[in-house]
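Please read them with the coordinates open.

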Amino acid sequence: MAKLPTPQMLMASRPDFPKAAWLDTKPLFAPGSYCYPEKKDTMELLHMPNPHDWDPSAEDWNLPENWEKILCDAFEERLEKHRSLKLFMDICVRCGACADKCHFFLGTNDPKNMPVLRAELLRSLYRRDHAMLGKILGRKIGARKWDKEVVKELFYYAYQCTECRRCSLFCPYGIDTAEITAIVRELMHEVGLGIHWIMDPVKNCSFTGNHLGIQPHSFKEIVEMLADDCETVTGIRPKTPFNEKGHEILFITPSGDVFADPGIYTFMGYLLLFHELDLDYTFSTYASEGGNFGSFTSFNMAKKLNAKMYAEAKRLGVKWILGGECGHMWRVINQYMETYNGPTPDNMVVPTSPITGTVFKHAAATKMVHITEFTADLIRHGKLNLDPSRNDHIITTFHDSCNPARAMGLLDEPRYILKHVCNHFVEMPENTIREQTFCCGAGSGLNTEEIMELRMRSGMPRGNALRYVQQKFGVNHMACVCAIDRATLPPLADYWAPGVNVSGVHELVANALVMKGEGKRTMDLRQEDLPNVDAEEDQ
Amino acid sequence: MNTQQIFRDKTDKIVKLWVEAVINCYPDRSRPALSSNMDPFTNPVGGMIREAAQGLVLAISGADIQIEQIKKSIERLIKIRAVQALSPGEAIGIIYLFKPILRAEILPQMNKPSSFSEYLDIESRLDTLAMMAFDLYVRDREVLADIRIKEIRNQYAELKRWAQNLNSNAPLGTFTGCGN
Ligand code: SF4
Ligand code: SF4
């Protein structure tokens, strides 16, 4: 017989309660904390190495027999290839400046989610083979060898980092833990470990074009359905040009905005804006996904999916690409496109706005302009007739999506637009926005529902700041420029700040846009009543 | 001395001890970050613990309070603990971490026939607060389950509408696809 434990004993009985040193405390694969594994046939189709069936919660992950050699060689190869990786392994002084900057650490309070210790998981392996003292002193200086538990741990924490780069902002050496995570995910893929929510879209984008693998004709029909909805709201049915050759512009945006609520309203916003401008553009069904799911997988996969966009630009003979509101698409374009697939096809030229004549010189290399740059420029030149009072029921704030903010420096254009299409705009606290923005908690392919519980803790710093402006200033809306955010922020808001709606910037643009020949607007794009529509006027 | 007077002198200490006790439930390497930074946005959990401590001590002391105000003070802390991979008992058990503190700090002054029943009232208030915390916890877990379902539905919202249109005989406007 045993005595009943006291509440204090129960509270301190967590398995990760510090009995062992931090490096020896192993992660618990509890449901809600890990993503479902990818399917073997998906990996085979994509020619990924060592496809196999496995279950993250099982003891044995069925790793290939020579897994240790595969991993050691793969790590060596990457150290050779990426000088930055070697540098990141060598120069960290463990000053701890990054420790409490990660939303995963702030939400889980798990020390291994401190960027410095997340990187240390890999660095400890590096130290054994590359640091003189590591070879001699081993564990004493934090060096260790590969074993199967280490593989599990690397997997666990590589999918508890959204590659958001907030930590790198605070590191005096600029160590980018996001890049370390990207390498760890690549290493895991070498032994056949990946997650379904990333690999399934990679397969669909590779073979069909959009992330759900919807066939081109059906994809087109769904877009037409959205154009019909535009007509219901405005009386104008925008055109939906697909796969047409000889236009000036190819428009590429995340396909999530064609399928998912509330992203569809942002998509309708694009359709209406382009119609109003009579823009000379086309969509492509093959390059119908701007989001590069490959960038959550490996260098080569990211390169392959990025190439698709330029192949379509070439095939369709367009001069430049206009890109929609997406997060990581822009990181890939801004930081990696040149290395992956540059230079652009010969038919492409430095983008120039056909409406204002503005030359987007910063896009000279990639030939790709962000839609908020394009629209902000239109507003600046007085080319849009806007009635912000149509958004008067909204008090909005703006969530800086990690990639456009930190990997591209797109901070002011979305705000400039919002201030012209809404009369009520409120910023969240200074240390949670712009370069210091907190991630939605589910970027880099972690926006899957099985880890909703993890997402609610990793997204907490964002949700917490949103809740603050909701309670203090009555904020009831959060705009963003990323399709993953449009999917991940609504549940986050429902949990942390219920009552706050989420939308893209161009949904609000289209609501405020007074179009030539439009009918009297009584509804917004969601077909909800607009404010200030007088009952008498209706009669 | 009545309960409120005793609490007046002890509040700061009880708040401090409870904040420490809660922070001590987290892994040792994480504790410095939770206790050193006072900014509510860059150390949100630390801020939540401190906010809850203030509200809870006020309620335990028997002061006149609005139930809603107390709930508001512990809401965020319960929300985060509801999703930190803790058992329900661990998540809300933090309320009972007050008990040893109260017995060390308050009981010695009330351990006499004239005031002992008042001390028991204090501990009973702790039970009420634990029940409130439990209600909040369950509500949060229900929201968590709901948003999972809602997200699955929203992801495929347009696809479903399109598929339903295919099956209906209603005219499909400009549609040219199969099913027409
Ligand atoms: S801030 Fe940079 S140098 Fe300091 S611990 Fe973090 S990664 Fe290392
Ligand atoms: S990149 Fe973002 S998620 Fe990853 S360790 Fe840094 S702050 Fe955390």
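1. The contact between the two chains draws on 64 residues of chain A and 61 residues of chain B, and together the chains bury about 5,300 Å², of which 60% falls on carbon and sulfur atoms. Within chain A, the residues that lose the most area to chain B are A:Met11, A:Met225 and A:Tyr495, which together account for 14% of what that side buries. Please bear in mind throughout that this is a predicted model.

2. How many salt bridges are counted between chain A and chain B? The count is 6, and a pair that can be inspected directly is A:Arg455 with B:Glu151, where the closest N and O atoms are 2.7 Å apart. Polar contacts across the interface of chain A and chain B number 19 residue pairs, with both residues of each pair at pLDDT 80 or more.

3. As for the elements behind this surface, the side of chain A that touches chain B receives two or more residues from each of helix H1 (7–11), H5, H12, helix H13 (256–259), helix H20 (452–458), helix H21 (460–473) and helix H22 (483–496) of chain A. The largest share, 8 residues, comes from H12(A). Sorted by class, the side of chain A that touches chain B comprises 34 nonpolar, 12 polar and 18 charged residues.

4. Over all chains, the count comes to 45 salt bridges.

5. Turning to the domains, the assignment for chain A gives domain 1 (26–194), domain 2 (208–380) and domain 3 (388–527). The C-alpha centres of domain 2 of chain A and domain 3 of chain A are 21 Å apart, and the contact between them takes 35 residues from domain 2 of chain A and 38 residues from domain 3 of chain A. These two domains bury about 3,300 Å² between them, with 67% of that area on carbon and sulfur atoms. On the domain 2 side of chain A, A:Val233, A:Glu276 and A:Glu325 lose the most area to domain 3 of chain A, and together they make up 19% of what that side buries.

6. Which of these residues also takes part in a salt bridge? The side chain of A:Glu325 meets that of A:Arg486 in a salt bridge at 2.8 Å, N to O, and the count between domain 2 of chain A and domain 3 of chain A is 3 salt bridges. Across the interface of these two domains there are 11 residue pairs in polar contact, both residues being at pLDDT 80 or more.

7. The side of domain 2 of chain A that touches domain 3 of chain A takes at least two residues from each of helix H12 (216–234), helix H14 (263–277), helix H16 (328–341) and helix H17 (371–380) of chain A. The largest share of that side, 10 residues, comes from H14(A). By class, the side of domain 2 of chain A that touches domain 3 of chain A has 15 nonpolar, 13 polar and 7 charged residues.

8. The surroundings of ligand 2 deserve a separate look. A shell of 13 residues surrounds ligand 2, and the closest are A:Cys102, A:Cys161, A:Cys164, A:Arg165 and A:Cys167. Helix H5 (103–108), helix H6 (115–130) and helix H10 (177–190) of chain A each supply at least two residues of this shell, whose residues divide into 7 nonpolar, 3 polar and 3 charged.

9. Most residues other than glycine have a negative phi, and most peptide bonds are trans. A cis peptide bond joins A:Asp261 and A:Pro262, with omega about 10°, and A:Pro262 is found in the loop between H13 and H14 of chain A. The peptide bond from A:Gly342 to A:Pro343 is also cis, omega being near -10°, and A:Pro343 lies in the loop between H16 and strand E4 (368–370) of chain A. A:Lys367, which is not a glycine, has a positive phi of about 60°, and A:Lys367 lies in the loop between H16 and E4 of chain A.

How values were computed. Residues numbered from 1 in each chain as written. Chains lettered and ligands numbered in written order. Predicted model: local features only at pLDDT ≥ 70, side-chain atom pairs only at ≥ 80, totals over all residues. Heavy atoms only, no water. Near = heavy atom within 4 Å. Helix = DSSP H or I, 4+ residues; strand = E, 2+ residues; numbered from the N terminus. Nonpolar A, V, L, I, M, F, W, Y, C, P; charged D, E, K, R; others polar. Domains from an automatic or database assignment. Contact = heavy atoms within 4.5 Å. Buried area = accessible area lost by both parts, 1.4 Å probe. Salt bridge = Lys/Arg side-chain N within 4 Å of Asp/Glu carboxyl O. Polar contact = N/O pair within 3.5 Å; in protein donor to acceptor, adjacent residues only side chain to side chain.
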